[in-house]
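Please look through the sequence and the three-dimensional structure shown here before reading on.

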Amino acid sequence: MPSSRSKVVRKQQPKSNAEFVKSRHREKPVRPVQAPSSPLIADGVTTEADLCRWVDWFARFHTDPPGLYIPLALRTVDCLVTVRGQPPAEPQSPRLMRCVREVVKFNGAKAVEWKLVTWVPGLPGAQFQPCASHDEAMNLLEAPPAPVSF
């Protein structure tokens, strides 16, 4: 029985890899355009390295011990962040930094609790805001972020 597929006929010979690469070569390399820095950031922006380190902390926080804090929703937003120094030093002026906010379900020994957690990649620690219910936590997540201070 003959095949119902049509034959593929190639009219041109394929280019060799060397010809293909040569035809795609650019005279000047294209460099990615960096976003302009914010006037509120004195020492740069949240870097990719900061976010990679944060992902490691995030994974450890939610898996050791497993099942204690269950992430339900994540949002990245820009937050005004104030970093306080030691008591004799003056606090720095607020900086606009990328924050990660998440709603978590805390499976405590006494009861289930809902929390809004704010992380600032590049700064140690996180801030926890207790919530009365899942709905309240989700509403806080959608609301504009309050200024954060560490």
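The paragraphs below describe the fold, the pairing of strands, the nonpolar cores and one selected lysine.

The structure is a predicted model. The protein contains 3 helices and 5 strands, and along the sequence these elements follow the pattern α-α-β-β-β-β-α-β. Of the 150 residues in the protein, 24% are buried. The protein exposes about 11800 Å², and carbon and sulfur atoms supply 57% of that area.

The next step is to see how the strands pair. Strands E1 and E2 run antiparallel and are joined by 12 bridges. One example is threonine 76, whose bridge partner in E2 is valine 100. E1 also pairs with strand E5, residues 148–149, here in the parallel sense and over 2 bridges. In this pairing, valine 81 has valine 148 of E5 as its bridge partner.

Which residues form the largest nonpolar core? This core has 9 residues, namely Val77, Cys79, Val81, Val83, Met97, Cys99, Val120, Leu123 and Val148. Strand E1, spanning 69–82, and strand E2, spanning 95–107, each supply at least two of its residues. E1 gives the most, with 3 residues. There is also a second, separate core of 8 residues, including Trp54, Tyr69, Val117 and Trp119. In soluble globular proteins, nonpolar side chains tend to be buried together.

Leaving aside neighbours within four places in sequence, cysteine 79 is in contact with Arg95, Leu96, Met97, Cys99, Pro145 and Val148.

Is lysine 105 buried, partly exposed or exposed? Lysine 105 counts as partly exposed because its relative accessibility is 27%, and this class lies between buried, under 20%, and exposed, over 50%. Apart from residues up to four places away in sequence, lysine 105 touches Leu68, Tyr69, Ile70, Leu72, Val112, Glu113 and Trp114. One of these, Tyr69, is included in the second core. Leucine 68 lies 37 residues from lysine 105 along the chain, yet their C-alpha atoms are separated by 8.0 Å.

Key
Residues numbered from 1 in each chain as written. Predicted model: local features only at pLDDT ≥ 70, side-chain atom pairs only at ≥ 80, totals over all residues. Heavy atoms only, no water. Core = buried A, V, L, I, M, F, W, Y, C linked by side-chain atoms within 4.5 Å. Buried < 20%, exposed > 50% of the residue type's maximum accessible area, 1.4 Å probe, protein only. Helix = DSSP H or I, 4+ residues; strand = E, 2+ residues; numbered from the N terminus. Contact = heavy atoms within 4.5 Å. Areas by Shrake-Rupley, 256 points an atom, 1.4 Å probe, with all protein chains shown as cover. Pairing = 2+ DSSP bridges.
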